[in-house]
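Here is a short tour of one chain, meant to be read with the model open beside it. Take a look at the fold, and then we can go through some of its details together.

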Amino acid sequence: GSGLCEGCEVSLVYRDPLHVHACELEDARVLERAGAALAEHPEGVLVVDVSGVTGELTIRKVPEGVQHIAVVCDTGDNNITHLGDKFLEKCETLTSLDINALTQVTSIGDDFLIKCESLTSLDINALTQVT
């Protein structure tokens with residue numbers, strides 16, 4: 001594990017390939033499965049669950065061809081206070097991003113979105129504590 005979520009027992013039981021936990025995004029198999037699913041359903045939404053994650057969140061890598069990302073917290077329990085530098089990088093196909101589940105965020109890093117030229121919809125209404 002990357003220490004992203006301490007004690008996070010994420011099973012790589014292959015459920016919906018487009019519903020992944022944040023700490024699984026470093027797993028090439030998970031990215032491959034999601035990429036294959038997106039190839040079949042280009043309008044699909046990649047759902048990134050951040051249950052149990054504390055401190056900083058950086059997604060950085062997502063599968064090829066992802067157009068929509070929704071960050072959710074399946075357990076309602078996250079304490080993410082900072083969105084890291086280069087939160088998302090080189091997501092050329094990404095058109096929409098919803099991070100409204102991240103209600104505890106107080107700060108956002110540099111180059112928050114880098115090389116995400118297609119992004120037209122960014123839903124951050126819930127991020128009311130960012131100064």
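Is lysine 115 buried, partly exposed or exposed? Lysine 115 counts as partly exposed, because its relative accessibility is 46% (buried means under 20% relative accessible area, exposed over 50%, and partly exposed in between, with a 1.4 Å probe and protein chains only).

A word on the basis of this report: the model is predicted, so local features need pLDDT of at least 70 and side-chain atom pairs count only at pLDDT 80 or more, while totals for chains, interfaces and linings use all residues. Residues are numbered from 1 along each chain as its sequence is written, and side-chain values use heavy atoms, with hydrogens and water left out.

**The chain as a whole**

Read from the N terminus, the order is β-α-β-β-β-β-β-β-β-β-β. Of the 131 residues in the chain, 39% are buried. Among contacts with a separation of 6 or more, 68% join residues 24 or more positions apart (contact means heavy atoms within 4.5 Å). The exposed surface comes to about 6,900 Å², with 48% of it supplied by carbon and sulfur atoms (Shrake-Rupley method, 1.4 Å probe).

**A buried valine**

Valine 48 sits in strand E2, residues 45-49, and is buried with a relative accessible area of 0%. Setting aside neighbours within four places in sequence, valine 48 touches Val20, Ala22, Leu25, Ile69, Ala70, Val71 and Val72. For valine 48 and valine 72, which are 24 residues apart along the chain, the C-alpha atoms are 6.0 Å from each other.

**Two salt bridges**

Side chains of opposite charge can pair when their charged atoms come close. The structure contains two salt bridges (a side-chain nitrogen of Lys or Arg within 4 Å of a carboxyl oxygen of Asp or Glu).

| Aspartate 27 | Arginine 29 | 2.8 Å |

Glutamate 89 is partly exposed at 24%, and arginine 60 is partly exposed at 36%. In the other pair, aspartate 27 is buried at 17%, whereas arginine 29 is partly exposed at 45%.

**Two lysines with positive phi**

Lysine 90 is not a glycine, yet has a positive phi of about 55°. This residue lies in the loop between E6 and strand E7 (96-98) and is partly exposed at 47%. Lysine 115 also has a positive phi, of about 55°, and is found in the loop between strand E9 (113-114) and strand E10 (121-123).

**The largest pocket**

The lining is made up of five nonpolar, three polar and six charged residues.

Note on methods: Nonpolar A, V, L, I, M, F, W, Y, C, P; charged D, E, K, R; others polar. Helix = DSSP H or I, 4+ residues; strand = E, 2+ residues; numbered from the N terminus.
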